[in-house]
Amino acid sequence: MTDLTNLGIADIRDGVAAGTFSAREVASAFNAAVEKGRPLNAWLVETPDHALAAADAADAARASGDLKPLSGVPLGIKDLFCTKGVETTAASGILKGFVPQYESTITSKLFGAGAGMLGKLNMDQFAMGSSNETSAFGDVISPWKRNDGGNAALAPGGSSGGSSAAVSARMAPGVTGTDTGGSIRQPAAFTGISGIKPTYGRCSRWGVVAFASSLDQAGPMAKDVRDCAIMLEAMSGFDPKDATSLDLPVPAWEKGLSGDLKGKRVGIPREYRVDNMPAEIEALWEQGIAWAKDAGAEIVEVSLPHTKYALPTYYIIAPAEASSNLARYDGVRYGLRDLPDGANLQEMYAATRADGFGAEVKRRIMIGTYVLSAGFYDAYFTKAQKVRSLIVRDFEQAFEKCDVLLTPTAPSAAFGLGEKSADPIAMYLNDVFTVPSSLAGLPAMSVPGGLDGQGLPLGLQIIGRPLDEQGVLNAGLAIEERAGFTSRPGQWW
């Protein structure tokens, strides 16, 4: 019998509908894969009963002819999404033991569409990180290995590192991720899967633990472009509980998929050719351009002149918003409370936050508090917001000449755990290609394009106009069809 864990979302949905296999068989296979994959530390909570209950409901729905869009599909949920009755920690010690009494809008939509939950996925603490090394519950290990014979553990990317590892290791056919500055796209590139960050406001943020509210956006990560389209349809839609949610109908993205780019213009931003870019990244980018041409697209060079300011702008705005959002964790209302003997209220605040937050979270709170302080607000935060407006304008002008942009996703393949953790600046530079579109709120996707010389995945990024997820998905499909990426991590267990 076919190994059901090799199937993607579309395969499972269609197979359950056709009676090729039961939803319970699928859920059981993935539950076993989750258990087998524990050495990767991708899961913080396992919920096999939830997956089986949804599977039984799907099998009953098939018998009655009442299947839903995701009936029979078990998913992994990033631990940033509140799940009713299931511990939600944002991978931080300060939320250890927090069990929400409500469901996030995104998970409500997915479960309402028939999906089951395999468990909650590890991540960088409060979504702050690019390697999944800041989790309070241990590093996530990528299932990929270099082909040099060594056994060094590699980073799965971040902050959605548990999500990317789960799909790549075939522990889940699809997962939720969140993307503030690249946290869906970079881990997707590192692990050879697909992931899309939709337009800001497409997916509700209600019930998602906040990092930077003007940047955070939920999105799907899955085996391929079609599976991402299926999940994104289920996740999207207006939510009156989220003031930034877009009141727009959800397009039929899967139905609209086409790898034919005839009549489309693909822009190549000259500023993304950064100094010291590895030759393999440059070569993959040129290959991607050739694939776009083969799909019928016209290639045009465009300019995004303020690109070099995107990273410093992001690392002012995001920490500033984090500083504000994380002020609520004080030991009073929920989560950790550290109350030393004889401590007063201020001392309790200090002890709780000192013990509950990790080093990277503290670093960003300190940066954010500094740039929001009275003497520096205009010099840093106000100026960063002005530069952000210029970056948005750059994209608007570029899209007058093209329909989508094609760039590398990340400046390197996956690096080893511990290689960059002592140098925050080197870690932040991993987001150099993903941050600009996040600041502009644009839809952007990573698809696998090939392997580097050490046998590790490399990704290509497609950036689209606001609300043009269809254009992004179609360009991603065109790349996917021509790349023919079928590589899997070797035996990692």
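Okay, let's start with helix α11: what covers its buried residues includes α9 (310-325), α10 (345-356), α12 (377-398) and α13 (424-428). Contact here means heavy atoms within 4.5 Å, and buried means under 20% relative accessible area, exposed over 50%, partly exposed in between, with a 1.4 Å probe and protein chains only. Helices are DSSP runs of H or I, at least four residues, strands are runs of E, at least two, and both are numbered from the N terminus.

Quick housekeeping. This is a predicted model, where local features need pLDDT of at least 70, side-chain atom pairs count only at pLDDT 80 or more, and totals for chains, interfaces and linings use all residues. Residues are numbered from 1 along each chain as its sequence is written, and side-chain values use heavy atoms, with hydrogens and water left out.

Back to α11. The buried residues there are Glu360, Val361, Arg364, Ile365, Gly368 and Val371. Looking down the axis of α11, they fall within an arc of 135 degrees, so they line one face of the helix; that arc is taken from the directions from the helix axis to the C-beta atoms. On the face turned away from the buried side, you'll find exposed Ala359 and Met366.

Phe126 isn't a glycine, yet its phi is positive, about 55 degrees. Phe126 sits in the loop between β3 and α5, and counts as buried at 1% relative accessibility. That loop between β3 (116-121) and α5 (161-168) also holds Ser159, which is joined to Gly158 by a cis peptide bond, omega about 5 degrees.
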